[in-house]
Amino acid sequence: MRRHRWPALVPPTSGGIAVHAAKQIVAEKDLTLELSAVTAFPSGLLLQFTLLVTGIRADFARHETRPLTDPSDASAQWSYLAVRIVADTLDGTADPHHPIQDLTDSEPYRTTPQYWIDSYPRTGTMTVTTSWTQIGLHPATFLLTLGPSPFPTTAGTDARR
């Protein structure tokens, strides 16, 4: 297994095909996480999540995503929803693109991050692990079964790896 990091790249704006329906990943009293869409493109795969948090965990989430501009803030560190992908022979972290989050101090905290995977898995499956331990979201792992690529001429190419 090779270590890999999927950077926060801008996904294409058109030409995508939905390849998986929405899937609830975590449902707790004050936190829900859903894989809201999976869209295939000739150049890769877009994973879209929706995270909704209430109560004290929402306060933690707002604290963890606050702007880090105060030089006197001794706790100046930032965290967000972590997504780890295992696809074919690659294993690593995916960085979020344009995380949209609630910047108000009111409840609930809602964010809809997107993660770009730069190739469609040759096997048609990938293992996804999500976590955000700073707000109490423990690792949740699931197998994402996609089937064959809707763009068979680009499936499994190593051009972008």
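These legends describe close-up views of a predicted model. Local features need pLDDT of at least 70 and side-chain atom pairs count only at pLDDT 80 or more, while totals for chains, interfaces and linings use all residues. Residues are numbered from 1 along each chain as its sequence is written, and side-chain values use heavy atoms, with hydrogens and water left out.

**View 1. An open sheet of five strands with mixed pairing.**
The strand order is β1-β7-β6-β11-β12. Strands are DSSP runs of E, at least two residues long, and helices are runs of H or I of at least four, numbered from the N terminus; two strands pair if DSSP finds at least two bridges between them. β1 (2-6) and β12 (137-145) are at the edges and have a single partner strand each, so one side of each has no neighbour in the sheet. From one strand to the next, the twist averages 20 degrees (axes are lines fitted to C-alpha atoms, and angles run from 0 to 180 degrees between N-to-C directions).

**View 2. The pairing of β6 with β7.**
Strands β6 (residues 82-87) and β7 (residues 90-94) run antiparallel and are joined by five bridges. Ile85 stands opposite Gly92 in β7.

**View 3. Ser79 in the loop between α1 (55-64) and β6.**
Ser79 is buried, at a relative accessible area of 7% (buried means under 20%, exposed over 50%, partly exposed in between, with a 1.4 Å probe and protein chains only). Leaving aside neighbours within four places in sequence, Ser79 is in contact (heavy atoms within 4.5 Å) with Glu64, Thr65, Trp132 and Gln134.

**View 4. Polar contacts of the Ser79 side chain with Glu64 and Trp132.**
A polar contact is a pair of N or O atoms within 3.5 Å; within protein, one must be able to donate a hydrogen and the other to accept it, and residues adjacent in sequence count only if both atoms are side-chain atoms. The side chains of Ser79 and Glu64 make such a contact at 2.6 Å. The one between the side chains of Ser79 and Trp132 is 2.7 Å.
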